[in-house]
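Student: Could we go through the salt bridges together, one step at a time?
Tutor: Gladly! Here is what we will look at.

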Amino acid sequence: MAKGTSPRVSTRKSPRQARSNDLVGAILQAAVRVLAEEGAHRFTTARVAERAGVGVGSLYQYFPNKASILFRLQSEEWLQTTNLLAGILSDRSRPPFERLLSAVHAFIRSECEEAAVRTALSDAAPLYRDAPEAEAAKNATQPVMAQFMLEVLPRAPKAVRDVAHDLIMTTLGTVGQDFSATPRTEDEMNTYAAAMGDMFCSYLLALQQKC
């Protein structure tokens with residue numbers, strides 16, 4: 001791809017009828033299977049169409065290339081993560097640190113349960129990561145954690161909250177991906193998530209005391 005260009009990752013059109021929705025759903029389910037079983041390097045539109053039981057022409061009605069399929073899978077994964085964290089962190093009926101610990105446990109479990117597809121999507125990231133849509137989708141969790149940081153650190157300068165926000169999200173993503181690369185037992189997931197959650201809580205508590 002020439003320098004300075006972005007891949008086309010938007011769908012050609014949105015399905016408007018139940019039959020079209022079913023077709024897109026079948027394509028995406030097939031894409032997940034191909035990705036998990038064969039990896040990003042053998043992922044092609046032809047393989048996806050064959051696995052979905054549809055013609056390549058039908059696939060191209062909605063997805064212009066394999067990058068657009070992979071981006072759709074990745075954006076849905078990011079959306080699921082955003083909804084997962086938002087649902088936990090915004091529940092003000094529970095103390096903030098309790099919510100943070102629950103969010104870390106849920107995130108680690110999610111990473112481990114979907115490790116095969118996530119690893120393959122990570123390998124395929126060069127196909128879509130420079131697209132504007134990818135940046136917007138990836139940053140969807142920003143408002144969720146920013147609001148949580150404001151609740152936990154109401155007297156801290158914005159710059160301090162921003163650093164805390166970035167540190168926690170970067171650590172979650174990087175460490176979670178590395179940890180889930182190896183099959184994990186229930187005890188391992190719980191132990192690891194508890195340790196990371198305690199680390200985050202101790203860090204935020206120290207910031208509270210400084211501010």
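**Salt bridges, step by step**

Tutor: Let us start with Arg47, which forms a salt bridge with Glu38, their closest N and O atoms lying 3.2 Å apart. Keep in mind that this is a predicted model.

Student: Is Arg47 buried, exposed or partly exposed?
Tutor: Buried means under 20% relative accessible area and exposed means over 50%, with partly exposed in between. Arg47 has a relative accessibility of 26%. So by these cut-offs Arg47 counts as partly exposed.

Student: Which helices hold Arg51 and Glu38?
Tutor: The side chains of Arg51 and Glu38 meet in a salt bridge, at 3.9 Å from N to O. This pair ties together parts that are 13 residues apart in sequence, because Arg51 lies in helix α2 (residues 45-52) and Glu38 in helix α1 (residues 18-38). The helices are therefore α2 for Arg51 and α1 for Glu38.

Student: How many residues apart are Arg92 and Glu151?
Tutor: Their side chains meet in a salt bridge, 3.6 Å from N to O. Arg92 sits in the loop between α4 (66-89) and α5 (96-113), while Glu151 is in helix α8 (residues 142-152). The pair links distant parts of the chain, 59 residues apart.

Student: How many salt bridges does the structure hold?
Tutor: We looked at some of them, including Arg92 with Glu151. For the whole structure, the number of salt bridges is 10.

Key:
Residues numbered from 1 in each chain as written. Predicted model: local features only at pLDDT ≥ 70, side-chain atom pairs only at ≥ 80, totals over all residues. Heavy atoms only, no water. Salt bridge = Lys/Arg side-chain N within 4 Å of Asp/Glu carboxyl O. Buried < 20%, exposed > 50% of the residue type's maximum accessible area, 1.4 Å probe, protein only. Helix = DSSP H or I, 4+ residues; strand = E, 2+ residues; numbered from the N terminus.
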